[in-house]
Amino acid sequence: LRGPGQSEAANMAPFLASSTMVDSDDRRIRRLAKRSVRSVEHPADQADAMRKFVTDYVTEKGLDVGFATATEVARTRSGDCTEHAVLLAALARANGIPSRGVSGIIQVPSGPLGAGGVKALGYHMWTQVYINGQWVDIDAAMRQTDCDVTHIALALMPLGDDGMLESIMGMFPLLGQLKLEIV
């Protein structure tokens, strides 16, 4: 992550900044961020607490929402994996933990797409937080603080105002083109 002559703090600045999607300086987001880590001090424990908080906070889980901002998710408490990811990233930033989004594929859990023993892969988004010098995957939508190996990252998303569209557009050439075999 570090370029020549750059400090780690300067390198992490974009992952701590509030943006249009991850509006971590919003008053409601700051209140939720504080509430999510009550009496938890270590960053890894805070990440776990925030992940659990977002998993439970988003009560209307579904594909009805487009790509909402963190404050929209905080207000409506609804969304899919993208809304879980941006809210979790905003809470992390508000609590001083660098965060970014990851888009990729995962093994779809049992349910309508994975029923009957059929293993399916689907596109997904989750969050990474920077703790103890490394990026760590956490996934509020899938209820995982330690993400399993079926999380296959295809694109990193800084979730800032610059480059947001490019990070999303980078996945489009892959749609319908990937062929994976689960062994």
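Colleague: Quick one to start: is arginine 143 buried or exposed?
Modeller: Arginine 143 is exposed, at 52% relative accessible area. The cut-offs are under 20% for buried, over 50% for exposed and partly exposed in between, with a 1.4 Å probe and protein chains only. Keep in mind that this is a predicted model, where local features need pLDDT of at least 70 and side-chain atom pairs count only at pLDDT 80 or more, while totals for chains, interfaces and linings use all residues. Residues are numbered from 1 along each chain as its sequence is written, and side-chain values use heavy atoms, leaving out hydrogens and water.

Colleague: Got it. What does arginine 143 form a salt bridge with?
Modeller: With aspartate 56; the closest N and O atoms are 3.9 Å apart. Arginine 143 sits in the loop between strand 5 (134–138) and strand 6, and aspartate 56 is in helix 3, so the pair ties together parts 87 residues apart in sequence. Aspartate 56 is exposed too, with a relative accessible area of 53%. A salt bridge here means a side-chain nitrogen of Lys or Arg within 4 Å of a carboxyl oxygen of Asp or Glu.

Colleague: How many salt bridges does the structure hold?
Modeller: It holds 2. Aspartate 48 and lysine 52 also meet in one, at 3.1 Å from N to O. Both lie in helix 3 (residues 43–57), 4 residues apart, which is about one turn of the helix. Helices are DSSP runs of H or I with at least four residues, strands are runs of E with at least two, and both are numbered from the N terminus.

Colleague: Changing topic: where is threonine 82?
Modeller: Threonine 82 is in helix 5 (residues 81–94). It counts as buried because its relative accessibility is 14%.

Colleague: Which side chains does the threonine 82 side chain make polar contacts with?
Modeller: Aspartate 80, at 2.7 Å, and glutamate 83, at 3.0 Å. A polar contact is a pair of N or O atoms within 3.5 Å; within protein, one must be able to donate a hydrogen and the other to accept it, and residues adjacent in sequence count only if both atoms are side-chain atoms.

Colleague: What does threonine 82 touch, leaving out residues up to four places away in sequence?
Modeller: Gly66, Phe67 and Met125. Contact means heavy atoms within 4.5 Å.
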